[in-house]
Amino acid sequence: MPELPEVEVTRRGVAPHLEGRIVTDVKLRHTGLRWPFPQGLAERLRGMRVHSAGRRGKYLLIRFDHGTLILHLGMSGHLRVLPSATPAQKHDHFDLVLGDELLRLTDPRRFGAVLWHAASDGDVAGHMLLRGLGAEPLEAGFTAQLLYRMTRKRSAPIKQVLLAGDIVVGVGNIYASESLFKAGINPRTPAHRIGLQRYEKLAQAIRETLAAAIEKGGSTLRDFLAADGQPGYFQQSYFVYDRAGSPCRICGAEVRQFRQGQRSTFYCVNCQK
Ligand code: ZN
């Protein structure tokens with residue numbers, strides 16, 4: 001599943017092909033993905049200039065003067081920029097055509113989204129899918145104080161609280177395990193038992209982990225955009241994630257795995273207290 005770093009790398013890759021360009025056509029090859037495609041989308045976008053390609057959480061926000069096109073990659077989606085004459089394959093459900101190039105959304109499992117938010121409905125930040133999102137982890141609003149303040153009444157394990165996404169976005173299953181390892185915090189620790197000093201470590205670990213993933217992804221950006229590119233996402237080497245039974249890279253103890261909610265958590269019993 002594409003996580004925030006993949007979405008950000010995708011955004012950086014496609015933005016120069018979108019910003020300032022004029023939409024010449026929109027092609028929809030299905031009735032919808034997770035939700036039906038917006039009515040009359042082609043009529044709404046043809047002839048309009050793309051203002052900017054932004055991101056909020058895992059949503060890409062393609063902004064026009066009269067509204068915002070919201071894209072989500074779902075479980076299996078990916079975006080590529082291709083010459084506009086490139087024939088569509090089976091799972092290519094959406095094209096935004098911009099003259100000689102197009103932005104193509106391929107989504108085999110159709111859990112992604114293509115939505116429209118009109119400027120007349122207010123700031124896109126107020127959209128139903130965006131308004132409950134937590135802070136952006138790489139922006140100034142995400143601090144240890146925020147983590148501390150918003151967890152004083154939450155007794156759920158810290159890993160679950162991070163995954164909920166209402167305090168900070170982008171800390172999915174992989175990055176929660178990795179960040180908690182770097183911060184030396186046991187994933188089972190009730191969030192309200194963690195003090196400000198440990199949250200300082202955790203906030204720093206989250207920032208570093210996500211920034212490193214984005215940087216790593218930048219070097220494989222070509223794969224996201226090329227016609228023959230792999231639809232998969234960049235491989236990284238992890239400290240604990242998906243390493244159950246292997247030695248901890250810091251202390252050599254065996255990395256352990258257990259279930260939290262419906263997800264696997266990985267941690268080192270020695271390094272994380
Ligand atoms: Zn260890």
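**Zinc site and largest pocket**

C271 has a relative accessibility of 24%, so this residue counts as partly exposed; the buried class ends under 20% and the exposed class starts over 50%. The model is predicted. C271 is one of the residues that coordinate a zinc ion. The points below cover the zinc site and then the largest pocket.

**Zinc site**

- The zinc ion is held by the SG atoms of C248, C251, C268 and C271, at 2.2 to 2.4 Å.
- Along the sequence, these donor residues follow the spacing C-x2-C-x16-C-x2-C.
- C248 and C271 link distant parts of the chain, 23 residues apart. C248 sits in the loop between α7 (221–225) and β9 (256–260), while C271 belongs to the segment after β10 (263–267).
- The 4 donor atoms subtend angles of 97 to 114° around the zinc ion, and therefore the arrangement is tetrahedral.
- For four tetrahedral donors, the ideal angle at a metal is 109.5 degrees.
- C248 counts as buried because its relative accessibility is 5%, and the limit for buried is under 20%.

**Largest pocket**

- The volume of the largest pocket is about 570 Å³.
- Its lining is made of 28 residues, and M1, E3, K58, H72 and L163 lie nearest the centre.
- By residue type, the lining has 14 nonpolar, 9 polar and 5 charged members.
- Helix α4 (residues 158–164) supplies the largest share of the lining, 3 residues.
- Domain 1 (4–119) and domain 2 (144–268) both contribute lining residues, so the largest pocket lies between the two domains.

Conventions: Residues numbered from 1 in each chain as written. Predicted model: local features only at pLDDT ≥ 70, side-chain atom pairs only at ≥ 80, totals over all residues. Heavy atoms only, no water. 1 Å grid on protein atoms, 1.4 Å probe; cavity = no way out; pocket = protein on both sides within 12 Å on 5 of 7 lines; lining within 4 Å. Points joined across faces, edges and corners; volume = space filled by probe spheres on them. Helix = DSSP H or I, 4+ residues; strand = E, 2+ residues; numbered from the N terminus. Nonpolar A, V, L, I, M, F, W, Y, C, P; charged D, E, K, R; others polar. Domains from an automatic or database assignment. Donors = N, O, S within 2.8 Å, 3.2 Å for Na, K, Ca; no water. Tetrahedral: all angles 85-135°; square planar, octahedral: opposite > 155°, others 65-115°. Buried < 20%, exposed > 50% of the residue type's maximum accessible area, 1.4 Å probe, protein only.
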